[in-house]
There are 2 protein chains.
Amino acid sequence: MAELIEISDPDDPRLADYRDLRDVELRKNLEAEHGLFLAEGEKVVRRAVAAGFRPRSLLMAPRWVEGLGDVLATTGAPCFVVSEPMAEQVTGFHVHRGALASLERRPLPVLEDVLAGARSILVVEDVVDHTNVGAIFRSGAAFGFDAVLLSPRCADPLYRRSIKVGMGAVFTMPWTRLPDWYGAMPLLSELGFTTVALTLAADSTPIEAAVSGVERVALVLGSEGHGLSPRWEQAADRRATIPMHEGIDSLNVAAATAVACYVAARR
Amino acid sequence: MAELIEISDPDDPRLADYRDLRDVELRKNLEAEHGLFLAEGEKVVRRAVAAGFRPRSLLMAPRWVEGLGDVLATTGAPCFVVSEPMAEQVTGFHVHRGALASLERRPLPVLEDVLAGARSILVVEDVVDHTNVGAIFRSGAAFGFDAVLLSPRCADPLYRRSIKVGMGAVFTMPWTRLPDWYGAMPLLSELGFTTVALTLAADSTPIEAAVSGVERVALVLGSEGHGLSPRWEQAADRRATIPMHEGIDSLNVAAATAVACYVAARR
């Protein structure tokens, strides 16, 4: 059972994990150095704990303690109880959904474990926006994808904003970083996947035809600004496009992912 | 030709349109009261002017003046030239893409004009997030939709963030507000549209079947939190769902819109 600890001093050092949550650069450093991540909101906190992540601590206003009683019963971590104005003062924003938890990161799994038995995967190159990363996990989960692989420069899927947009899909979806960017496409082909790069390249085929009948598919998605690198685009087994209206810029990567996952799920 | 006016005093009253761009509430009031909206970034500013919106003024750092020469040639509005640090000081953030414009809003068109000749439309209820509104316009444009109708409580598609996420699709896509929320579904049916509500309701059919063979389709999309109101859900001609993996929360509204538009475009 979590120990409830009322705190009335906003400078209390035990609140260090929760400081300045809107300062992205500060948070990135702090979370990496301490191996932690933050979950926000009753539903997301509950999902993180249910998925087996160990809380370092929780922080909430008094009125949320009862509703999260089931979660608090499962951990020995401290639960800091603070007033709502003080929660806002510490974190730097109004905590809408009442509860925060600081949880321990786990070591990233090796590629082979993430891919074991997988039939449909997403492979993401250099998507740097946390909102987009969260949306990609959520769409993958919604359409029954088995895993997500991220290039070294992708944004952190355990960053608070990614988790929130993804509705916690990152807790249950197996994922890891690709250790070798350059060799990623041939490696996935060797492992039995047909890599299908989403692109506007001239030699691309409509996505529905590109995935039709493919047994193990890896949908390959590029960055917000410039799409896929030439290396990944050319080294993929197939290039596919989502047929669009003339004269329109491409969809954003989260929308393109949703459509591609929908189509691939019905292949 | 725009008159170039160098300004070195950040408190200069001529910069009023550009102040505190991150303060959403302040901006909403200011923009409504003055009938203006802000476009951000060279590409988006160019698109706004090309679509016939009249600039009140422009604001940019010196190095962007040359690149926007073609736009400046078309307007008699002043172009305020300021240093990059000063642009940041006035607006409250780092202006990545160099240029801003303050443009005049136009009166909203009447429903009949927006729907004239339209074959595929989006009807959006109470989507309050500017990012989602922008993404909905962009997906609609990408898949050849003809118009967007917004319920009275939807977020403003001419808000800076909506425009940016939508890549300016709101400038070219005909849209208006629905004057009467309660009667909207029967009205659209009378006007010859088959209204297809996206929902998780038990009596919904898969989206592909729901739109198959429909001549004039209105895809009806609900809010971020609770989806469609019972009124719209029940008053629509059909209820449709996007088939998803068991146990997963629904897609977010922007992802669902992209998938539904993709499917409807191929009906």
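Chain A of this predicted model is divided into domain 1, residues 3-104, and domain 2, residues 111-265. The centres of these two domains of chain A, taken over C-alpha atoms, are separated by 31 Å. Contact between them involves 17 residues of domain 1 of chain A and eight residues of domain 2 of chain A.

How much area do the two domains bury between them? The size of an interface is often given as the accessible area lost when the parts come together. For domain 1 and domain 2 of chain A, that area is about 1,200 Å². Carbon and sulfur atoms account for 65% of it. On the domain 1 side, three residues stand out: A:Phe37, A:Glu40 and A:Val44. They supply 33% of the area that domain 1 of chain A buries against domain 2 of chain A, more than any other three residues.

Next comes helix packing within chain A. Helix α6 of chain A spans residues 130-142. Its axis comes within 9 Å of the axis of α12(A), and the two cross at roughly 10°. Angles under 35 degrees count as roughly parallel, so α6(A) and α12(A) are roughly parallel to each other. From α6(A), the contact uses A:Asn132, A:Ala135, A:Ile136, A:Ser139 and A:Gly140. From α12(A), it uses A:Val253, A:Ala254, A:Thr257, A:Ala258 and A:Cys261. By class, this contact of α6(A) with α12(A) has six nonpolar, four polar and no charged residues.

Now turn to chain B. Here helix α6, residues 130-142, packs against α12(B) at an angle of about 10°, with the axes 9 Å apart. That angle makes α6(B) roughly parallel to α12(B). B:Asn132, B:Ala135, B:Ile136, B:Ser139 and B:Gly140 form the α6(B) side of the contact. B:Val253, B:Ala254, B:Thr257, B:Ala258 and B:Cys261 form the α12(B) side. The residues divide into six nonpolar, four polar and no charged.

Finally, look between the chains. Helix α12 covers residues 253-265 in chain A and residues 253-265 in chain B. The axes of these two helices come within 8 Å and cross at roughly 55°. That makes α12(A) oblique to α12(B). The crossing of α12(A) past α12(B) is right-handed.

Which residues meet at this crossing? From α12(A) come A:Ala255, A:Ala258, A:Val259, A:Tyr262 and A:Val263. From α12(B) come B:Ala255, B:Ala258, B:Val259, B:Tyr262 and B:Val263. The contact of α12(A) with α12(B) has ten nonpolar, no polar and no charged residues. A:Ala258 takes part here and also in the contact of α12(A) with α6(A). B:Ala258 likewise meets α12(A) and contributes to the contact of α12(B) with α6(B).

How values were computed: Residues are numbered from 1 along each chain as its sequence is written. Chains are lettered from A and ligands numbered from 1 in the order in which they are written. This is a predicted model: local features need pLDDT of at least 70, side-chain atom pairs count only at pLDDT 80 or more; totals for chains, interfaces and linings use all residues. Side-chain values use heavy atoms; hydrogens and water are left out. Axes are lines fitted to C-alpha atoms, for helices over the stretch in contact, and angles run from 0 to 180 degrees between N-to-C directions. Helices (H or I, at least four residues) and strands (E, at least two) are DSSP runs, numbered from the N terminus. Angles under 35 degrees count as roughly parallel, over 145 as roughly antiparallel, 65 to 115 as roughly perpendicular and the rest as oblique. A crossing is left-handed if the near helix is turned anticlockwise from the far one by less than a right angle, and right-handed if clockwise. Contact means heavy atoms within 4.5 Å. Ala, Val, Leu, Ile, Met, Phe, Trp, Tyr, Cys and Pro count as nonpolar, Asp, Glu, Lys and Arg as charged, and the others, Gly among them, as polar. Domain bounds come from an automatic or database domain assignment. Buried area is the accessible area (1.4 Å probe) that two parts lose on being put together, summed over both.
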